[in-house]
Structure formats: structure tokens, C-alpha cells
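Let's go through this structure together, question by question. Have the sequence and the 3D view open as you read.

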Amino acid sequence: MGRWEPNARERLAAAALELYGERGYEQTTVAEIAKRAGLTERTFFRHYADKREVLFGGSGELEELFVRAVAGTPADAAPIEALAAGLDAASEIFADRRPYARARHAVIAANAELKERELIKLASLSTALAGTLRGRGVPEPAASLAAEAGVAVFKVGYERWLEASEDRDLVQLVREALTELKAVAAGG
């Protein structure tokens, strides 16, 4: 086993996604993932708490990036503009990850437990964004409404980006979704 080889986390994630696509999430074991990656089960558990987390391991980093971008906007920026900065930052990290994202989405869409986990991660993101907006002086319920809207915009743009016929960048699709939200909010 290549326990000292670099990129163990990435190798495990790639192996898991391959196996989930071939056999299904439920039918794949941690032992099979580790073997496919050329690593041990012990190494797997050093990187991931369970086989679900292989699919959600980057959600903390995404949340941190999104929140940091919102927090870093000028103090006089409107909540929607602060969220736009967060949406841009979050979208940019997916630039070269469309094949992985499509495969991941297919695995999640085929399993109710994983769909629920995805919704929990999105709710956590919304809560973090609302807290950041409150920290910028946005009162309730505006902070929570804006945060939920920001997550919805990201989700809509992301789902469009995953479509087989779509070749535009995620940043562009998220910006289009934000423009649509603004039009709807303005009564257009």
C-alpha cells in the first residue's frame, strides 16, 4: 500500500466517486474505496469520518470562502452586493471541476440520505451567511432572507451549470440567477 504517497485525500475521493458511479453509494464499502486508491482503511479514516464525507469534504472550505468574501466587502455595500461577492468567490473555485461535480451530483441525486446531507450543508451555509450579514449590521429578518436568497441563487446557478448541454462558467450562471432574483424582487 502507498501509505506515504502524496494526495491521499484526493485519491480517496476519486476512488470513492468512481466506485459510487459504478456500484452505487450503498453498495460501496470503505475497504473498497481504500483498496481502489491504493491505501489502507486506516488512512481513509484519517481523512474522512465516513463514506458520506468523501462527497461533502469541501463544504467547510466553500462556506469559509463564501463567508470571508461577504465579510470582506466594503462596509457600505448593500446585502445583495455583499452576497454577490461571495457568490463570485464560491463559484470561481469550481472552474475546473465540472466533470467531478457532475459525477458527484449524480451520486447524490440517486440517494435520499445524501440528498438530505446536501440540504443540511446548504442550510449551514445559509446560517453562516446570515450571521456574517448580521455582523455587518444587517438586521433581521433581512439578514436571513438575504442569506437564504444567496444560497438559492448559488443552487440554481450550480444546477444549471451541471446540465449536460451547458458550457458556460458557473460564475456567469450564478450572476444570471442573481440578476433574475433582483428582477423578481423588483416586480419584473
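**A walk through the helices**

Q: Just after H1, which residue takes a positive phi?
A: Helices here are DSSP runs of H or I with at least four residues, strands are runs of E with at least two, and both are numbered from the N terminus. Just after H1, a positive phi of about 100° turns up at Gly24.

Before going on, a word on the source: this is a predicted model, where local features need pLDDT of at least 70 and side-chain atom pairs count only at pLDDT 80 or more, while totals for chains, interfaces and linings use all residues. Residues are numbered from 1 along each chain as its sequence is written, and side-chain values use heavy atoms, with hydrogens and water left out.

Q: How many helices and how many strands are there in the protein?
A: Read along the sequence, the pattern is α-α-α-α-α-α-α-α-α-α. The count is 10 helices and 0 strands.

Q: What span does H1 reach from its first C-alpha to its last?
A: H1 has 16 residues. The expected span is 1.5 Å times one less than the number of residues, which comes to 22 Å for H1. The model is close to that, at 22 Å.

Q: Which elements are included in what covers the buried residues of H1?
A: Buried means under 20% relative accessible area, exposed over 50%, and partly exposed in between (1.4 Å probe, protein chains only). In H1 the buried residues include Leu12, Ala16 and Tyr20. Their cover includes H2, H3, H4 and H7.

Q: Is Arg117 buried or exposed?
A: Arg117 sits in helix H8. Contact means heavy atoms within 4.5 Å, and Arg117 is in contact with Arg52, Glu53 and Phe56, leaving aside neighbours within four places in sequence. Because its relative accessible area is 17%, Arg117 counts as buried.

Q: Which residues does a cis peptide bond join?
A: Pro141 lies in the loop between H8 and H9, and Glu140 has its place in that loop too. At 40% relative accessibility, Glu140 is partly exposed. With omega at about 5°, the cis bond joins Glu140 and Pro141.

Q: Which helix supplies the largest share of the lining of the largest pocket?
A: On a 1 Å grid over the protein atoms alone, a pocket is an open set of points where a 1.4 Å probe fits, with protein on both sides within 12 Å along at least five of seven lines; lining residues have an atom within 4 Å of a point. The largest pocket holds about 980 Å³ of space, and Leu55, Gly58, Ser59, Phe94 and Arg104 are the closest to its centre of the 35 lining residues. The largest share of that lining, 7 residues, comes from H8.

Terms used: Points joined across faces, edges and corners; volume = space filled by probe spheres on them.
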